[in-house]
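I opened this entry to keep track of what I looked up.

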Amino acid sequence: MKRVAGTMMRLLGKRTCEDVVAVLCEYYEGTLEPKLAAIIEKHLRGCADCEAFARTYGEVVKLTGELPTEVIPEELRLRVRSALRERSASRRS
Ligand SMILES: [Zn+2]
């Protein structure tokens, strides 16, 4: 929870995929500020990687009937991270 405050501050400034992923838990819990949730939704619409991640996350929530613990998002997160890394690497050229 501590890390979320910092993430939210950054989100209000510059949005990054990693920050979006970091607050998805709060987003699905419905504890995210409406303003921030709107930012997340907007980002998800324009970012295939985060959209796919959010969908997977949402499915886990639906299937288990509860929010994934740290264990599950961590695994998904690593997948998103490597995808993002590949993408930014190919973009740099
Ligand atoms: Zn993204």
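What is the mean pLDDT of the chain? I noted first that this is a predicted model. The mean pLDDT is 76. I found that 67% of the residues reach 70 or more.

Where pLDDT is low, the predicted coordinates should not be read in detail.

Then the fold. I counted 6 helices and 0 strands. Along the sequence the pattern reads α-α-α-α-α-α. Of contacts with a separation of 6 or more, 47% join residues 24 or more positions apart. Buried residues make up 18% of the 93 in the chain.

I turned to the core. The largest nonpolar core has 14 residues. V20, V21, V23, L24, I40 and F53 touch the most other members. Helix 2 (17-22), helix 3, helix 4 and helix 5 (48-64) each give two or more residues to this core. Helix 5 gives the most, with 4 residues.

Last, I checked E26, in helix 3 (residues 24-29). Why does E26 count as partly exposed? E26 has 19 C-beta neighbours inside 10 Å, and a buried residue needs 20 or more. I also looked at E26 and A37, which sit 11 residues apart in sequence. Their C-alpha atoms are 9.1 Å apart in space.

Methods
Residues are numbered from 1 along each chain as its sequence is written. This is a predicted model: local features need pLDDT of at least 70, side-chain atom pairs count only at pLDDT 80 or more; totals for chains, interfaces and linings use all residues. pLDDT is the predictor's confidence in each residue, from 0 to 100. A residue is buried if 20 or more other C-beta atoms lie within 10 Å of its own, exposed if 12 or fewer, and partly exposed in between; C-beta atoms are placed from the backbone. Two residues are in contact if their C-beta atoms, placed from the backbone, lie within 7 Å. A nonpolar core is a set of buried Ala, Val, Leu, Ile, Met, Phe, Trp, Tyr and Cys residues joined through C-beta atoms within 7 Å.
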